[in-house]
Amino acid sequence: TTTTTTTTSIGGSAKEDRKAKLEEIHRQKEEDIMTAYVFTSLSQCWPPAVNDAMKAAQRQHAEWLSQACAATYLGAAWHVQVAVLKLMHSMASCGDASALNDAIVERLAQVAASCCADPKYTKVRVAGLQVLVAMHEQSVGSSPSVRQPYIAKALAALQNDTEPRILTLKLKLK
């Protein structure tokens, strides 16, 4: 009898461990979805600056957001990475490059270039490259040399990528 009870209790605790693990995964997924949602919402309301006061607010906002982007994408689920990159894309292509100082441009370009090297998800690579293309087209940063090393790094990582969307985007960086 004793043996049976021991086995049952071991079985029971293993079952509970598994249940706890599943709950943890589920919680993490929910957090990831919320994070992705927040970044996607922010990307839709990135404000174009109207006057000096708004420009100052936008710069402050850009500083905070770029730090949040850099802190969040690391180790995040792929859909969070894509949401982060979408926000970065709208920041880079807002048409008011003065909101993005060199430190911000560098921070964003670094995240985008790292995402271009994602070994698993095409969506992440495409979104990363879209950010770099927007930065290139909007000429963000005080000079091209601020973003160029990251563009070069991304292109090197995507050298053998045959995904049509990536090939099309790469042409825009030539």
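The side chains of Arg165 and Glu163 meet in a salt bridge, with N and O 2.9 Å apart. Arg165 counts as partly exposed, because its relative accessibility is 42%, a value between the 20% and 50% limits. This pair belongs to a predicted model that holds 3 salt bridges. The chain that carries them has 174 residues, with 7 helices and 0 strands.

**The salt bridge between Arg107 and Glu63**

- Arg107 and Glu63 also join their side chains in a salt bridge, and the N to O distance is 3.3 Å.
- This pair links distant parts of the chain, since Arg107 belongs to helix α4 (residues 102-116) and Glu63 to helix α2 (residues 52-73).
- The two partners, Arg107 and Glu63, are 44 residues apart.

**The salt bridge between Arg125 and Asp161**

- Arg125 forms a salt bridge with Asp161, and their closest N and O atoms are 2.7 Å apart.
- Arg125 is buried, because its relative accessible area of 12% falls under the 20% limit.
- Asp161 counts as buried as well, because its relative accessibility is 14%.
- As a general principle, side chains of opposite charge can pair when their charged atoms come close.

**Overall fold**

- Among contacts in the chain with a separation of 6 or more, 69% are accounted for by residues 24 or more positions apart.
- Of the 174 residues in the chain, 36% are buried.

**Surface**

- The chain exposes about 10,000 Å², and carbon and sulfur atoms supply 58% of this area.
- Met34, Tyr37 and Val38 make a nonpolar surface patch of about 330 Å².
- Tyr37, one of the residues in this patch, is found in helix α1 (residues 2-44).
- Tyr37 counts as exposed, because its relative accessibility of 54% is over the 50% limit.

Key:
Residues are numbered from 1 along each chain as its sequence is written. This is a predicted model: local features need pLDDT of at least 70, side-chain atom pairs count only at pLDDT 80 or more; totals for chains, interfaces and linings use all residues. Side-chain values use heavy atoms; hydrogens and water are left out. Helices (H or I, at least four residues) and strands (E, at least two) are DSSP runs, numbered from the N terminus. Buried means under 20% relative accessible area, exposed over 50%, partly exposed in between (1.4 Å probe, protein chains only). Contact means heavy atoms within 4.5 Å. Accessible areas come from the Shrake-Rupley method with a 1.4 Å probe; for residues, only the protein chains shown count as cover. Patches are made of residues with over 30% relative accessible area and no salt bridge: like charges are joined within 9 Å, nonpolar side chains (Val, Leu, Ile, Met, Phe, Trp, Tyr) within 5 Å. A salt bridge is a side-chain nitrogen of Lys or Arg within 4 Å of a carboxyl oxygen of Asp or Glu.
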